[in-house]
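Good morning, and thank you for coming.

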Amino acid sequence: MKKINVYLINGFLGSGKTTTLLKCMEYFKGKNKKYAIILNELGETNIERHLFHDESLYELLNGCVCCSIKDDLRTTLDDLTETLYKENIEVVLLEGTGVANPSEIMETFNEKAYREVFHIAESICLIDSLHFIEYTSVFSSSKEVRQLQKEQIENGTMLVLNKIDQLSSKQAIEKVEKRIRKINADAPLIHSKYGNGVTEFLEKKQINSNKEHSISFHHHHHHHIKAIKLVQTTAMTKRDLRDFLKNNQDKLLRAKGTIKNSEDQLWYHFQYASGLLEWQKVSENVPNRKGEIIIIGEKLPKEVSI
Ligand SMILES: Nc1nc2c(ncn2[C@@H]2O[C@H](COP(=O)(O)OP(=O)(O)OP(=O)(O)O)[C@@H](O)[C@H]2O)c(=O)[nH]1
């Protein structure tokens, strides 16, 4: 039986994984290939669920805990295997958490039971061009963060230097590339803005070969990045949130969520990555909606309130 092609989308927090996943979904839709999505989210709820309508969606919600992800993934893959053929699913798109080591995921797919069904077609590693140097510098990042990024890049079969629009000079791009190449000298590398170019690469590759390639895993443990989920119980203004993020910027790597703004009583999704905060008005109406904020960082206190 023909194996199901799996596309892993990894990369550090805020590097553009979801943006790229959405582009991949469009691509496979255009090819009339049915896909299932596996989201490996931090925190207990998937904040980005609203981006995925009517899709075959599976969620791994405890992804940040080293190793427990394997059990979660096995359960998901067992469920998925049952429905794959019934629903004619040909492709699986899996987005890792920004802080998971992709080798855990690859190792699970490589177990005998799953190897017979699935084939990892590509392990796409997104890199945030603007912050990569900072995130891998001994002066501005922790050992855990550096190690994690190294593992993600080592395990990529395709490297995507994303957010290239944020780098102003050729020299800056070369510096990032040089550092990436020290970690992974062989995988093809593309420059990208908002995940553009990834599907074109996949298309070209598919035309050139249908051969299976073997992927080796590089695996280390131990990182102390954690996610905290906050439920919004009291009214909040956009400014409250902005102040909170600003005051905690040294500890925060990423935040996202949905909140009700007490000024106009409207709901907003927000994204905070690399120090930048973006808002998007919520269009869909969900009865009894609750505000939710996921913050991800190092050295976060046990309890946080905004
Ligand atoms: N300027 C710029 N912004 C980008 C680019 N790609 C993505 N973004 C923005 O960066 C933010 C994070 O992008 P996501 O696609 O959510 O990143 P992610 O890797 O899925 O984030 P996590 O799931 O938290 O790890 C969003 O606000 C995107 O719109 C890019 O190429 N350039």
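Predicted model: local features only at pLDDT ≥ 70, side-chain atom pairs only at ≥ 80, totals over all residues.

Let me start with a question: how many bridges join β5 to strand β6, and do these strands run parallel or antiparallel? Five bridges join β5 to β6 (residues 158-162), and the two strands run parallel. I count strands as paired if DSSP finds at least two bridges between them. Within this pair, Ile124 stands opposite Met158 in β6.

Residues are numbered from 1 along each chain as its sequence is written.

Overall, the protein has nine helices and 12 strands; these are DSSP runs numbered from the N terminus, helices being H or I of at least four residues and strands E of at least two. Of its 306 residues, 35% count as buried. By buried I mean that 20 or more other C-beta atoms lie within 10 Å of the residue's own; exposed means 12 or fewer, and partly exposed lies in between, with C-beta atoms placed from the backbone.

Returning to β5, this strand spans residues 118-128 and is mostly covered, with 10 of its 11 residues buried. Strand β5 is also joined to β1 (residues 4-11), in parallel, by eight bridges. There, Ile4 stands opposite Phe118 in β5.

I turn now to the antiparallel sheet. Strands of a sheet pair through backbone hydrogen bonds, either parallel or antiparallel. Here an open sheet of five strands, paired antiparallel, has the order β8-β12-β9-β10-β11. Its edge strands, each pairing on one side only, are β8 (225-232) and β11 (276-281). The twist from one strand to the next averages 15 degrees.

Strand β11 is hardly covered: among its six residues, the count of buried residues is zero.

Helix α9 (residues 238-247) lies across β9 (252-261), β10 and β11, and runs at about 165 degrees to β9. Such angles run from 0 to 180 degrees between N-to-C directions, with axes fitted to C-alpha atoms, for helices over the stretch in contact; contact means C-beta atoms, placed from the backbone, within 7 Å.

Finally, the ligand. Which residues are closest to it? Of the 19 residues that surround the ligand, the closest are Gly16, Lys17, Thr18, Thr19 and Gly98; a residue is near if its C-beta atom, placed from the backbone, lies within 6 Å. The elements giving two or more residues to this shell are α1 (17-30) and β10 (266-273). The largest share, three residues, comes from α1. Domain 1 (4-208) and domain 2 (225-298) each supply at least three residues to the shell, the domain bounds coming from an automatic or database domain assignment.

Technical notes: Contact = placed C-beta atoms within 7 Å.
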